[in-house]
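Biologist: Can you walk me through this one? Keep it simple, please.

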Amino acid sequence: MKRKQTLLSELMSEQRRSMIVLTGVSLALGAAIIGQAALLSEAVNRIFVMHADLSSIVFLLGSLLAVMLARALLAYGNGRIGLYMAARAKRTMREKLIRKLANDSVSATAGGQTGGKVSLMLDAVDEGEGYFSQYLPRMIEAAVIPLLMLGVVFAWHYPSGIIMLVTAPFIPIFMVLVGLKTKKKSEEKVEQLSQFAGTFLDSLQGLVTLKLYGRARSQEQEIERSSLAFRDATMGILKIAFTNTFMLELIVMLSIGLVSLELALQLVVFQSMSFHTAFFVLLLVPEFFSLLKNTGTAFHSGRTSMGAMRKVEQLLEERKGEGQTGTERTTVQPGEEGLMLGPMPPNIQLNDVRFQYAPDSFKLYVEKLTIEPGGKIAIVGKSGAGKTTLLHLIAGLLPSDSGDIQLNGRPYEMYKRSSWFEGMSYITQHPYIFSGTLAENIAIGTNRAVNRSEVEQAAASAGLAEMIGGLEKGFDTLVGEGGRGLSGGEKQRLALARAFLNQPAVILFDEPTVGLDVHTEKVLQRSISELAEQATMITVAHRLYTIREADLILYVENGLLLGSGKHDELVECLPAYAEMVHLQRKGRAG
Amino acid sequence: MSELTILTKAMFRERKDIAIAMAGGFVAGIGGVSLFSASGYLISQTVFAPPLYTLIVLISIVKILGLLRAVSRYAERLYTHQATFSILSRLRTSFFAKLVPMAPGRLRTQRSGDLLARIVGDVESLQHYFLRVAYPPVVLVMVFLATVLFASVYSIWIAGLLVLGMLVVVFIVPAIILQGQRKIRGRVRQQRAALSTDATEMLYGFLELKVYGKLRKREQQLLESSDALASEQRAAGLQLLNGQSLHTFVSFLIAWSVLVLGGYLIMRGSLAGVFLAMLIMAALTVFEEAAAMATLPAYKQDSQHAAQRLAETVQDGEAEPRQPEASLRSDTAPSIELSGVSFQYADEWRPALRDVHIRIPAGSKAAIVGASGSGKTTIIELLLKLHAPNEGLIRMNDTPLEELHEASIWQSAAVVLQQSHFFRGTIRDNLLLNGDMLSEEELRDVLVKAGLPYKSLDDLVYERGENLSDGEKQRLALARAMAKGGHLWLLDEPTSSLDVVTEQHIYRQLFEQAAGDTLVLICHRLSGLESMDQIIVMDQGTIVEAGTYGELMDKEGFFYEMKQIERQLIGEGG
């Protein structure tokens, strides 16, 4: 694996040019700050000490204004570069995430946590911005400008330079110490904090329960109590941070005080320097320290950002580790070129196929399995036996770890992927309805260009005509997120309509277990057999009639294909199968 | 705008902390200005070669000012944060009180989880209103005015200049930023929402997209909306940066003007030259104190947006009708009658119930069956007065529900909802929700009855019961209802995640306790219904059949067909 690079270093490598520009601008900014102090002190010197006429220093004043403008513009420039870098980094991170998620195998997305992944793509990436828009520009400024200032002060008046040089390192050191100490304290209290912080949401979510049990009033006190406890715990942490900041400010004050004491002594006692120089140094010193202080805040936001980026990195990495061989296989294969599959159902064969989601999870193993074209296959087994996994393996939705899958006698990998999927329809237990019109949702089932009458035909075959006919906008009604909600049965029939439109050679069907209305059940029974007339049909079966009518039943237990055959054969020779069918029926009849 | 009233009220309650914070902030601000002005004056004085002791006095003043500034800054930080968290606590309790009458009505939307999380987030962003929006300008204006007063001792003109600067920095610049920001931040929010929806769709619909070969297209779409978001966010950042730069330049310009004006006044002889450096230092420092003003517009907009959304959510809650005085008798089993009841959820496009007639005599047991989405749960919600029917009448003990106080119904009802909520705490905490005092013995007995003999009362329950399996949650919910008791049992698929053996064990206990009580049971399985007094069969919001098990089976109608379908099911279905 050549990919040892971290996400951050990868992101940084894109920013090299911006970093150079940033350094250049920072140098100019340093010069402007110094120039401003020099010109300002010179102007005051002329007016106050030398009693110069205003008109004689017009040029000086003009230059001062120009330098001030330049300083504001240069600072703006640095900010702009930071924003540019941040936008670029965010784009790259999101692109990586999107590509990763889109290229995952089905097993990875089946893991749920959709909300978590989406929030990672939005919030964590946004949090990562601080590193580029704040941390980097401030750090470069703090690395470049104070050095410049020190050089100038040394050249003009080295004793002040020495004081600055000696006191300066305390600031970043102290800042880091503050950060670490606060972090430690907050880690100690993290459990407590999260407990208090969650009470409000917890109470809102349980509001109905609280009402029904007459506890809504007392919960209000509970919220107050935990909010105040949260305040006190947080204040405990903040107090440490504030005390340390207080110490830090004292150091800065002390240093500035030291410089001014030294300047005053030089001016009055030793009379060894001019007002001009002294005022110049006095103007520069606070700027010097405030630049150093900035690094502290930048350091903090940099750390938060790096934490967020690590989370993004984890998701990217996690996917890589999971089912490694599989992912490689799908990406290595050309996929988009190769043999085409005809419109006829292919012969499907599995030899020694093994699959595992993760090293410790259950194994699926199929020694040999042949599915004839046009066959009606039912996969049967207890929940968690690996039925859906087997279905996904046959369909090429999951990459096998070893062994091979052949279509018409040739390895699956030799075929153009899209030609395989084009001839396939999949009716899942919980079909997903995309946000869009009903017509669009049906048309998603095929890649052909279809006209409205074909869509209507498919909907009618799936028993949706009556429902859609009753809608004001008919097929143009918006459904899915932000549109009208469909019942479970209607979703199921919509998935059927997709299949009718596609006229597939292979149909995958994960039969719903419960909760369908009588009408949908009837439609399913009738139209599935109609669909399956010309196609291979592979069903994860939960209905006895499906099983009875199957040409081949695959009985799966603990990831193993324990037996296959027709219903009557299996009832006779496979006790586990007979028991399952028998027990379930008995339990219900009671 | 009620939420701003809540906010103001909350801030007023914390007036002591706020006053201390303001005093601290004011002293710190002035301290900074004095510190640098004094140094400027100190340096200028040296030109006249003053005696050493004046110098020492001056330097000591500078040191003391530095210390004072650091101390008061510390106090300011401490008290502003203290006040912020106290305000948050008050906001939470006030909003909670407002939301209580609204549940589940207005809070019931397709993605109610998101809605609640949003409310929590919005309340939290309101807390920033004090620290980042309300507080800084007040303190800043105080510091500015003090500085102006100080400057006016030396020159009224320079004081005027500072006033001008203050107006620009505190009012005009933030107003300009806010102006441009409104649109851009709106667009950022829109793009964020779009990206979030697209990404969610891709993940949820992954299987379909993959099989139907639409994944590439979706990926492309997502990349585009990610790019659009990055550009909009950059634009928003630039807008804020513009403001900051404008702020910086204005403060430089004022300092420069002080220099020129000071020079002119010195030339005219109306200002002593020794004060020039001091006034310039004062001007430079006072604007540095104003740095918080540059980020103010961003926070202001966020908290305004949060307040607006909260207002939209909470609005209807205020119009909640007063509850009538009459209450349901809690010592006997009630009779229930629904006549011509229709109901439609506000966010749904078709009615959940249409012209429903049900009669459940006191002390009888009724089961409601039907496909998911057929309106079973809605009946229970209406019986609990969580919603009011659009048409028709519901009576309990012959009294219309609208004449009964909702709390009296809840008090006599033992309820298990389809989605029970559990709170962070112990099993005991989650059982004793009704506040009644049951003995340890009785509580443990309830756990055993509900099929949780292996749980101890002190076992921890995480938020939303995350450490419990679905089956355990259902049993705990049943235990909760059994612990509470009542003469009206409303149970919505209480055992859907349990196996048949456990289910039957629990039902035995339950029916024993509920003997003589009125009971409505929604069930997902059609088995074990033989003993029910009536079975109500629902389809698409209407009642298609009702009767005893024997009657319905003899009739060979809808129920019979459902039974036939269920007989076909094997596998997880049972």
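Predicted model: local features only at pLDDT ≥ 70, side-chain atom pairs only at ≥ 80, totals over all residues.

Biologist: Okay, chain B. Which domains is it divided into?

Modeller: Domain 1 of chain B covers 2-318, and domain 2 covers 336-568.

Biologist: How many Å separate their centres?

Modeller: The centres of domain 1 and domain 2 of chain B are 53 Å apart, taken over C-alpha atoms.

Biologist: Where does UniProt place the "transmembrane region" feature in chain B?

Modeller: The unreviewed UniProt entry puts it at residues 20-42, 48-68, 129-150, 156-178 and 249-267 of chain B.

Biologist: Take 129-150. What is the chain there, helix or strand?

Modeller: Residues 129-150 of chain B are 100% helix and 0% strand. The end C-alpha atoms of that span are 31 Å apart.

Biologist: And what about 156-178?

Modeller: Residues 156-178 of chain B are also 100% helix, with 0% strand. Here the end C-alpha atoms lie 32 Å apart.

Biologist: Switching to chain A. At what angle do α2 and α3 pack?

Modeller: First, the general idea. Two packed helices are described by the angle and the distance between their axes. Helix α2 (residues 16-49) of chain A and helix α3 (residues 58-103) of chain A pack at about 155°. Their axes are 8 Å apart.

Biologist: How do α2(A) and α5(A) cross?

Modeller: Helix α5 of chain A is residues 114-156. Its axis and that of α2(A) come within 9 Å and cross at roughly 40°. That makes α2(A) oblique to α5(A). This crossing is right-handed.

Biologist: Which residues in α2(A) and α5(A) meet?

Modeller: On α2(A), they include L22(A), S26(A), G30(A) and I33(A). On α5(A), P137(A), E141(A), V144(A) and L148(A) are among them. By class, the contact of α2(A) with α5(A) has twelve nonpolar, three polar and one charged.

Biologist: Last topic. How many residues does the contact take from chain A and chain B?

Modeller: Chain A gives 119 residues and chain B gives 124.

Biologist: Which helix gives the most on the chain A side?

Modeller: Helix α9 (residues 216-270) of chain A, with 24 residues. The side of chain A that touches chain B divides into 64 nonpolar, 31 polar and 24 charged residues.

Notes
Residues numbered from 1 in each chain as written. Chains lettered and ligands numbered in written order. UniProt positions renumbered as here; feature names shortened; annotations may be inferred. Helix = DSSP H or I, 4+ residues; strand = E, 2+ residues; numbered from the N terminus. Domains from an automatic or database assignment. Axes fitted to C-alpha atoms, helices over the stretch in contact; angles between N-to-C directions. Contact = placed C-beta atoms within 7 Å. Nonpolar A, V, L, I, M, F, W, Y, C, P; charged D, E, K, R; others polar. Parallel < 35°, antiparallel > 145°, perpendicular 65-115°, else oblique. Left-handed = near helix turned anticlockwise from the far one by under 90°.
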